[in-house]
Amino acid sequence: FLSLRDFACILDAAAGTDARDVFLTIGLTGLRPSNVRLLSVDEVDGDMIRIPPGKMKGGRWGEVPVSTFARRVLAGRDPKPFYFPARGHTDRPKGLRNVQRACTAACSRAGLDWPTLYDLRHFFASHLAKHGATETQIGRLLCHVGTSVTSRYIHYDIEDLRQLVETHGDDVRRALGNLD
């Protein structure tokens with residue numbers, strides 16, 4: 001899975017391209033790549049993104065809170081009506097294949113040959129889990145119906161689990177009379 005450092009390297013490799021903000025928005029919101037590339041001005045409402053059922057998998061509304069940083073990224077765009085229009089157009093969204101190719105190229109320039117566009121969404125989920133978000137909370141942010149799908153998005157680095165093991169060891173040690 002993508003670490004924060006990997007994500008930063010991909011964004012650096014995409015600097016100066018029109019796909020960088022797409023990648024950044026996926027990584028900041030956890031939205032599906034298709035929802036980001038089709039994101040329109042009427043779907044962003046202050047600190048919330050509301051994706052209508054016709055654009056969501058499963059045909060239900062998707063609601064995602066937006067961080068201050070993500071709001072700044074979107075505020076720097078000129079949505080007419082799409083935040084990420086096709087190059088040279090304002091009335092057509094950026095094509096999925098073009099975004100996928102841009103992601104592959106940026107990952108290659110960053111020295112990462114395995115990530116895909118969807119790994120940016122996995123990055124969002126894994127990073128939230130690393131900081132204590134529950135699977136249910138992450139599933140809600142990813143607009144999943146159930147947690148069985150969400151579990152595939154959360155990837156733990158073994159080092160992220162070290163503190164849990166240390167805490168467990170300390171608890172057992174104290175319960176046994178502070179044995180050393």
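Contact here means heavy atoms within 4.5 Å. By this criterion, contacts in the chain between residues at least 6 apart in sequence were counted, and 55% of them join residues at least 24 apart. The model is a predicted one.

The chain has 180 residues, of which 38% count as buried. Its exposed surface comes to about 10300 Å². Carbon and sulfur atoms supply 53% of that area. Along the principal axes, the C-alpha trace spans about 70 × 35 × 25 Å.

The secondary structure consists of nine helices and three strands. Their order along the sequence is α-α-α-β-β-β-α-α-α-α-α-α.

One helix pair was examined in detail. Two packed helices are described by the angle between their axes and the distance between the axes. Helix H2 covers residues 20-29, and helix H4 covers residues 68-75. Their axes come within 10 Å and cross at roughly 155°. Angles over 145 degrees count as roughly antiparallel, and H2 and H4 are therefore roughly antiparallel to each other. The crossing of H2 past H4 is left-handed.

Residues from both helices form the contact. H2 contributes Asp-21, Leu-24, Thr-25, Leu-28 and Thr-29. On the H4 side, these meet Phe-69, Ala-70, Val-73 and Leu-74. By class, the contact has six nonpolar residues, two polar residues and one charged residue.

Conventions
Residues numbered from 1 in each chain as written. Predicted model: local features only at pLDDT ≥ 70, side-chain atom pairs only at ≥ 80, totals over all residues. Heavy atoms only, no water. Axes fitted to C-alpha atoms, helices over the stretch in contact; angles between N-to-C directions. Helix = DSSP H or I, 4+ residues; strand = E, 2+ residues; numbered from the N terminus. Parallel < 35°, antiparallel > 145°, perpendicular 65-115°, else oblique. Left-handed = near helix turned anticlockwise from the far one by under 90°. Nonpolar A, V, L, I, M, F, W, Y, C, P; charged D, E, K, R; others polar. Buried < 20%, exposed > 50% of the residue type's maximum accessible area, 1.4 Å probe, protein only. Areas by Shrake-Rupley, 256 points an atom, 1.4 Å probe, with all protein chains shown as cover.
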